[in-house]
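Reader: Could you take me through this structure, starting with its helices and then turning to side-chain pairs?

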Amino acid sequence: MTKHAEEFKYRVVQEYLEGPMGYVALGKKYGLQSSMVERWVGWYKTHGMDGLTKKFTFYSAEFKLSVLRHLWDNALSYSQVATHFNIRNPGILAQWVRLYRHG
């Protein structure tokens, strides 16, 4: 996975917020997947610049369980829950679900 500088992410997000281009068009313009642009915009809308900065986090078992409860109680997608909790990799939630189901 390519790592992008915070300034680049911010520029893409601002271009989305200020202009007529959508996720797909901006993705093509910058050589990104549209889903990545959509995630950056979601993170920025929810968490401001903190949503675009690098993040190295250890998640406690209690936190993981609260995230899973939120996921199930609200019938949300992994992406929606990841954005809400500022988790950068929505795919990790699938792993947490598997681990929970297997004890």
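Predicted model: local features only at pLDDT ≥ 70, side-chain atom pairs only at ≥ 80, totals over all residues.

Reader: Which residues of H4 are buried?
Author: Val67, Leu68 and Leu71 are the buried ones. Buried means under 20% relative accessible area, exposed over 50%, and partly exposed in between (1.4 Å probe, protein chains only).

Reader: Where do they fall, seen down the axis of H4?
Author: They fall within an arc of 95°, so they line one face of the helix. The arc is taken from the directions between the helix axis and the C-beta atoms.

Reader: And what do the buried residues of H4 pack against?
Author: They pack against helix H5 (78–85) and H6, where contact means heavy atoms within 4.5 Å. The face turned away from the buried side of H4 carries the exposed residues Glu62 and Asp73.

Reader: Changing topic, how many aromatic pairs does the structure hold?
Author: It holds 8 aromatic pairs. Rings of Phe, Tyr and Trp (its six-membered ring) pair if their centres lie within 6.5 Å; planes under 30 degrees apart count as stacked, over 60 as edge-to-face and the rest as tilted. Phenylalanine 8 and tryptophan 40 make an edge-to-face pair, because their ring centres are 5.9 Å apart and their planes are at 85°. This pair links helix H1 (residues 6–18) with helix H3 (residues 34–47), 32 residues apart.

Reader: Is tryptophan 40 buried or exposed?
Author: Tryptophan 40 is buried, with a relative accessible area of 2%. Phenylalanine 8 is buried as well, at 16%.

Reader: How many salt bridges are there?
Author: The count comes to 1 salt bridge, defined as a side-chain nitrogen of Lys or Arg within 4 Å of a carboxyl oxygen of Asp or Glu. Glutamate 15 pairs with lysine 29, and their closest N and O atoms are 2.6 Å apart. Glutamate 15 lies in helix H1 and lysine 29 in helix H2 (residues 23–30), so the pair ties together parts 14 residues apart in sequence.

Conventions
Residues numbered from 1 in each chain as written. Heavy atoms only, no water. Helix = DSSP H or I, 4+ residues; strand = E, 2+ residues; numbered from the N terminus.
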